[in-house]
Amino acid sequence: MKTIALTLALALGSSGAALAQSDSHRALTEAQVRAHLQDQGYSHIDDLKFKHGMWHADARSGNGEHVDLRIDPVSGKAYADEQKVSRLGKDDVRASLASAGYTDVHDVEFDDGVWQAKAENSAGKDVKLTIDPDTGKVIGTDD
């Protein structure tokens, strides 16, 4: 089965990489993301696109406000751009990334409701990361 998934991923290029991952790390489909957003109280979900390692959408929050969202591609958790506060500080984010195996962590900034950073992954490749503002978990990677 892994051989078939790997062959398919290679045939599809980087867009098929999620197919070769284990079920616990597979990106959600567009329909699944819509369902997760509705479960979180969002409506009028528009412009749902997968880019920069995450899902992005425009929607209405439960109180009717227009929000831009970044959505964790695995869990479906939404991060609204108007969130201005994080429980973590820059040092917390750096420590979390270091414990996850990232090195040369730099350009750590809180922006649009999530942390952003640049780092080197365990394979030595430079990556841009999107980090959960409450847990420090990497929720998006853009190579």
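Reader: Which pattern does the protein chain follow, read along the sequence?
Author: This is a predicted model. The protein chain holds 3 helices and 8 strands. Read along the sequence, they follow the pattern α-α-β-β-β-β-α-β-β-β-β.

Reader: What share of the residues in the protein chain is buried?
Author: Buried here means under 20% relative accessible area. The protein chain has 143 residues. The buried share of them is 34%.

Reader: How much of the accessible surface belongs to carbon and sulfur atoms?
Author: The accessible surface of the protein chain comes to about 8,500 Å². The part belonging to carbon and sulfur atoms is 51%.

Reader: Which residues touch the most other members of the largest nonpolar core?
Author: The largest nonpolar core has 14 residues. At least two residues each come from α2 (30–39), β1 (43–51), β2 (54–60), β3 (66–71) and β4 (78–80). The members that touch the most others are Val33, Leu37, Tyr42, Leu69 and Ile71.

Reader: Leave out residues up to four places away in sequence. What does Leu37 touch?
Author: Leu37 is one of the core members with the most contacts to other members. A contact needs heavy atoms within 4.5 Å. With those sequence neighbours left out, Leu37 touches Tyr42, Ile45, Ala57, Leu69, Ile71 and Ala78.

Reader: How many residues make up the second, separate core?
Author: Leu97, Tyr102, Val105 and Ala119 are among the members of this second core. Its residue count is 12.

Reader: Why is β2 largely enclosed by the rest of the structure?
Author: β2 has 7 residues. It is largely enclosed because the number of them that are buried is 5.

Reader: In the hairpin of β1 and β2, which residue takes a positive phi?
Author: β1 and β2 pair in the antiparallel sense over 5 bridges. Lys51 stands opposite Met54 in β2. The hairpin has 2 residues between the strands. The one with a positive phi, near 55°, is His52.

Reader: How many bridges join β2 to β3?
Author: These two strands run antiparallel. Ala59 stands opposite Val67 in β3. The number of bridges joining β2 to β3 is 6.

Reader: Which residue in the turn between β2 and β3 has a positive phi?
Author: β2 and β3 form a hairpin with 5 residues between them. The positive phi in the turn is about 90°. The residue is Gly64.

Reader: Take contacts between residues at least 6 apart in sequence. What share joins residues at least 24 apart?
Author: The count runs over such contacts in the protein chain. The share that joins residues at least 24 apart is 34%.

Definitions and conventions
Residues are numbered from 1 along each chain as its sequence is written. This is a predicted model: local features need pLDDT of at least 70, side-chain atom pairs count only at pLDDT 80 or more; totals for chains, interfaces and linings use all residues. Side-chain values use heavy atoms; hydrogens and water are left out. A nonpolar core is a set of buried Ala, Val, Leu, Ile, Met, Phe, Trp, Tyr and Cys residues joined through side-chain atoms within 4.5 Å. Buried means under 20% relative accessible area, exposed over 50%, partly exposed in between (1.4 Å probe, protein chains only). Helices (H or I, at least four residues) and strands (E, at least two) are DSSP runs, numbered from the N terminus. Accessible areas come from the Shrake-Rupley method with a 1.4 Å probe; for residues, only the protein chains shown count as cover. Two strands pair if DSSP finds at least two bridges between them.
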